[in-house]
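Welcome, and thanks for taking a look at this one.

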Number of protein chains: 2
Amino acid sequence: MRMGELGEFGMIERLKRLLPAQPVDVVLGIGDDVAVLRTPGGDCLLATCDIQVENIHFRTAEITAHQLGRRLAAVNLSDIAAMGGSPLWALASLALPQATPVAFVEDLFRGLTEELGAAQAVLVGGNLSRIEAVLVIDLFVIGRVAEKALMRRSGARPGDLLLVTGTLGDSRAGLELLQHHAWRVSAAARQRVVNAHQTPAARLREGRALGESGGVRAMLDVSDGLLADCAHLCEASGVGAEIVVERLPVSPACREVAAAAGVDPGDWALAGGEDYELLFASAPESEAAIHRALQRAGGVPARVIGRVLPREERIRVRWPDGTVRPAAGHVGWDHFRGEREA
Amino acid sequence: MRMGELGEFGMIERLKRLLPAQPVDVVLGIGDDVAVLRTPGGDCLLATCDIQVENIHFRTAEITAHQLGRRLAAVNLSDIAAMGGSPLWALASLALPQATPVAFVEDLFRGLTEELGAAQAVLVGGNLSRIEAVLVIDLFVIGRVAEKALMRRSGARPGDLLLVTGTLGDSRAGLELLQHHAWRVSAAARQRVVNAHQTPAARLREGRALGESGGVRAMLDVSDGLLADCAHLCEASGVGAEIVVERLPVSPACREVAAAAGVDPGDWALAGGEDYELLFASAPESEAAIHRALQRAGGVPARVIGRVLPREERIRVRWPDGTVRPAAGHVGWDHFRGEREA
């Protein structure tokens, strides 16, 4: 069998079975977005990496080097945010074709260090290599979280509310707009959605506030798409969920681009991906405290978008016309296999 | 200017000037092989990464997936060894073409986790991506060292002895043998040098013993080639050095392959690279204690190969015929520019 048949998620499952058991100092290991490592100091160390490949994750025609650097940092910082943690240090590995302009590399590092710096993190190392074909960038981020504020994907219970920070679908709208030059939308809408795609913001202050609030039972960041990441949360927690499309936070800019594209913006909010918002489950009685915690931290607000159900109810979507359908098809992205089913 | 003109080392120098100053908790940052990070617990955290690109660092015709996994681990563990540290955790990022056999990926991870496991380190995460062209593997390793046992490149003083563990040149001999099928050498010699190239051993127990001995003033691992890495140590310490070719530890196997190749094995020992032995400077009065420390730890022995000189004497090589020449030309490898000068 080849990678194109098994796919990314199938391979990870095989590796989890193949590799030796994780020792006790590994709180979370292979299969999670972030490794959580118990240290003598009492805090947990967080370690995550994300490899970005030209023509797979980005095209240099669609993003500047500076934006790419910022984006690379944000994508990794988002994983730290989802654990309720704070980033500390980063290392960057780059494989560059000979013809790469030095100014491109400098701009990429400027963007990377600016985005890290805004999160009080610092680039401390890395390495450079030549490659014959495409540009490859891998960023490794180390962070920290107090063990009692650590957020996991598991822990959601039937009856919990499902909430999400910020808005969903903007990044997909931005990507579509970059690929369809003929669509006519306002300059303000264009700027908002293209920014959301090129330079997403990691929800670090929100993640920390949610972790410290004590009211969140399970959390992750929306990178693969809301339905796909909701499925990850449900699987880890052993629950099902209902998502109410009318409740999804969709920006006016996203609606405007969706109208120009002739599609339902709810589709982009459900499955667009790369939103880097936080999806989390809370007991209903914690809701008020959660909104207060986000406001106190100066974070973006969160909105209830559905609820957690018993596992046997699986994952379903309630559409504006009142119909309720199981979430199936078109719910995420596997880099080897393309769109994948729930 | 393009990367092919500026090169890896020129780019790192530019980035060091470009990027913000490293904060106080960063003991060693950009420009070193390993980042050294002060943690609340008192120990230092070590973080290193190494990206390996198909057709640049390895060819799948010359190494099996299992060997490649072991090699990738060893290369990173060697950096931890050079700081006197112990590895703890690793994350692996892979970019794989669609056609990569799943069995190849499994064998690579088996090799990786075996080599890590032998060093009491564990793989705790990573990520997989598709790539159109060549295979790319990036490994991050986190380790730990007590601050007083931390080894640096700086600290060598004129009058110190220069020592190296194990033997030099075997890896280059192995690489040459893999590329020249017509050379006739004994099976034992072939096995030794090909193993040295495909599955080098990180000198972890030696690095720890040397760090704890208190007798080592500066240390690094020989990855770029003895002369190139000696130049790194001298630059960081602000000193010069003399290397005595007759003293270089060259194995009988390496001599046999060099004879078949019709070259001087001293050239491979001086500039072959990828030896992953430890090069270090010690006061002459510490020499006996160092040999004892290595023996007690069950490590390979070290040998005196030269001495540290004042900076103005630069780096020179004493050849068996008695001539002493400055080290210049053919002293290391820049992935963008090929062979580079001192």
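Helix 6 of chain A and helix 10 of chain A pass each other in a right-handed crossing. Please keep in mind that this is a predicted model.

**Helix 6 and helix 10 in chain A**

- Helix 6 of chain A covers residues 204-213 and helix 10 of chain A covers residues 287-296; their axes come within 9 Å and cross at roughly 140°.
- That angle makes helix 6 of chain A oblique to helix 10 of chain A.
- On the helix 6 side of chain A, the contact is made by E206(A), A209(A), L210(A) and S213(A).
- Facing them from helix 10 of chain A are I290(A), A293(A) and L294(A).
- Sorted by class, this contact of helix 6 with helix 10 in chain A holds five nonpolar residues, one polar and one charged.

**Helix 6 and helix 10 in chain B**

- In chain B, helix 6 (residues 204-213) packs against helix 10 (residues 287-296) at an angle of about 140°, and their axes are 9 Å apart.
- Helix 6 of chain B and helix 10 of chain B are therefore oblique to each other.
- The crossing of helix 6 of chain B with helix 10 of chain B is right-handed.
- Here E206(B), A209(B), L210(B) and S213(B) of helix 6 meet I290(B), A293(B) and L294(B) of helix 10.
- The residues of this chain B contact divide into five nonpolar, one polar and one charged.

**Helix 2 and helix 3 in chain A**

- Helix 2 (residues 65-82) and helix 3 (residues 102-118) of chain A have axes 6 Å apart and pack at an angle of about 40°.
- Helix 2 of chain A crosses helix 3 of chain A in a right-handed way.
- Helix 2 of chain A brings residues including A65(A), H66(A), L68(A) and L77(A) to the contact, while helix 3 of chain A brings residues including F104(A), D107(A), R110(A) and L116(A).
- By class, the contact of helix 2 with helix 3 in chain A counts ten nonpolar, three polar and five charged residues.

**Salt bridges**

- Over all chains, a search of the whole structure finds 29 salt bridges.
- One salt bridge joins the side chains of D32(A) and R153(A), at 3.7 Å from N to O.
- This pair links distant parts of the chain, 121 residues apart: D32(A) sits in the loop between strand 1 (26-28) and strand 2 (35-38) of chain A, and R153(A) in the loop between strand 6 (136-145) and strand 7 (161-165) of chain A.

**How the two copies are arranged**

Notes:
Residues numbered from 1 in each chain as written. Chains lettered and ligands numbered in written order. Predicted model: local features only at pLDDT ≥ 70, side-chain atom pairs only at ≥ 80, totals over all residues. Heavy atoms only, no water. Axes fitted to C-alpha atoms, helices over the stretch in contact; angles between N-to-C directions. Helix = DSSP H or I, 4+ residues; strand = E, 2+ residues; numbered from the N terminus. Parallel < 35°, antiparallel > 145°, perpendicular 65-115°, else oblique. Left-handed = near helix turned anticlockwise from the far one by under 90°. Contact = heavy atoms within 4.5 Å. Nonpolar A, V, L, I, M, F, W, Y, C, P; charged D, E, K, R; others polar. Salt bridge = Lys/Arg side-chain N within 4 Å of Asp/Glu carboxyl O.
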